[in-house]
Amino acid sequence: MFTINTTAIGDEADTSLLLMPASPKVMFGAPLEEVMLVRDEMANMVWGIERTISLPSGDTKPGAEAAAETVRYFKHLIEEAGPGGPRAMLLPNDAKIRYEIMSSVPENWIPFIPVKVPDDVREIQLQRASLLRLIEGDPAPTPSPVQPRTTLLRQGLDSATPAPYFIHEEEVPRAGVRATLAYRRARSRSGKPYVWLGVRKETGRGEGWSGLAFDRIVDVPESA
């Protein structure tokens with residue numbers, strides 16, 4: 001036990017110290033993707049926050065900035081198309097408050113909801129879900145779901161038959177998780193360089209709050 005195997009039956013074990021080849025130094029490039037998995041106790045769910053996304057050009061952009069640009073793009077298309085559709089026909093009134101079914105969440109916040117593990121009555125796991133893109137004046141009868149942009153959260157979406165994506169509940173503690181996708185570089189004992197694309201998992205920065213709420217009475221902003 002705790003010795004190196006023998007080369008042949010009957011030979012004595014080699015008691016020398018075994019040192020596995022390992023690189024003493026690994027260089028990490030700038031993250032191409034960064035995702036924060038945080039627990040939201042107020043909403044009783046987990047969020048995958050896309051903090052950094054990769055662009056088709058090879059550059060990166062903050063996830064919050066890309067999400068805001070996407071919303072502005074769709075709003076611009078709706079304004080150009082003009083009013084129409086059942087959700088755009090809102091009668092003007094002098095009410096100071098209004099009923100809000102659900103508050104909005106930035107599009108770079110991807111929800112993970114608890115679901116039961118098959119053939120188990122108590123254990124649960126986290127399944128990737130999606131929120132609907134709700135834009136005022138959108139003439140589409142059914143809003144489209146918001147999908148993640150990072151490969152870290154798009155597992156199963158790009159296949160011919162989209163598949164669900166699950167995470168073990170214990171993988172997201174109260175401190176959260178930070179996952180980054182970046183290039184790495186190292187040299188072997190012979191000096192030959194190796195470059196590969198790897199994912200790194202680190203401890204997060206604690207819990208978060210998405211601001212998601214349902215069935216609220218909110219004030220109507222005064223017109224200028």
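**Side-chain contacts**

Guide: There are eleven salt bridges in the structure. Bear in mind that this is a predicted model.

Visitor: What does K61 form a salt bridge with?
Guide: The partner of K61 is E69, and their closest N and O atoms are 3.0 Å apart. E69 is partly exposed, at a relative accessible area of 31%.

Visitor: And which side chain does E207 meet in a salt bridge?
Guide: That of R174, with an N to O distance of 3.0 Å. E207 is in the loop between β10 (193-203) and β11 (214-219), while R174 is in the loop between β8 and β9, so this bridge ties together parts that are 33 residues apart in sequence.

Visitor: Is R174 buried or exposed?
Guide: R174 is exposed, with a relative accessible area of 61%.

Visitor: What about R178, which residue does its side chain meet?
Guide: R178 meets E202 in a salt bridge, at 2.4 Å from N to O. Since R178 belongs to strand β9 and E202 to strand β10, the pair ties together parts that are 24 residues apart in sequence. Both ends are partly exposed: R178 has a relative accessible area of 22%, and E202 has 27%.

Visitor: Which residues are joined into one network with those two?
Guide: E34, R51 and R200 are in one network with R178 and E202, joined by salt bridges that share partners.

Visitor: R200 again. Where does its charged end sit?
Guide: Over the ring of F28, 4.7 Å from the ring centre. So R200 has a place in the salt-bridge network and also a charged end over an aromatic ring, by the 6 Å and 35 degree limits used for such a contact.

Visitor: Switching to aromatics. How many aromatic pairs are there?
Guide: The count comes to three aromatic pairs. One of them is Y73 with F74, where the ring centres are 5.5 Å apart and the planes stand at 75°; the pair is therefore edge-to-face.

Visitor: How accessible are those two? I mean Y73 and F74.
Guide: Y73 counts as partly exposed at 48% relative accessibility. F74 is partly exposed as well, with 30%.

Visitor: Give me another pair. How is F112 placed against Y165?
Guide: Their ring centres are 6.3 Å apart with the planes at 70°, so F112 and Y165 are edge-to-face. This pair links distant parts of the chain, 53 residues apart: F112 is in strand β6, and Y165 is in the loop between β7 (124-128) and β8 (166-168).

Visitor: Is F112 buried or exposed?
Guide: F112 is buried, at 0% relative accessibility. Y165 is partly exposed, with a relative accessible area of 22%.

Visitor: What does L37 touch, leaving out residues up to four places away in sequence?
Guide: L37 touches W47, G48, F112, I167, V172, G176 and V177.

Visitor: Last topic, the backbone. What is the phi of N44?
Guide: N44 has a positive phi of about 60°, although it is not a glycine. Most residues other than glycine have a negative phi.

Visitor: Where is the place of N44?
Guide: N44 is in the loop between β2 and β3 (45-54). With a relative accessible area of 57%, N44 is exposed.

Visitor: And D215, what is its phi?
Guide: D215 is not a glycine either, and has a positive phi of about 55°. D215 is placed in strand β11, and at 54% relative accessibility D215 counts as exposed.

Definitions and conventions
Residues numbered from 1 in each chain as written. Predicted model: local features only at pLDDT ≥ 70, side-chain atom pairs only at ≥ 80, totals over all residues. Heavy atoms only, no water. Contact = heavy atoms within 4.5 Å. Phe/Tyr/Trp six-rings, centres within 6.5 Å; stacked < 30°, edge-to-face > 60°. Buried < 20%, exposed > 50% of the residue type's maximum accessible area, 1.4 Å probe, protein only. Helix = DSSP H or I, 4+ residues; strand = E, 2+ residues; numbered from the N terminus. Salt bridge = Lys/Arg side-chain N within 4 Å of Asp/Glu carboxyl O.
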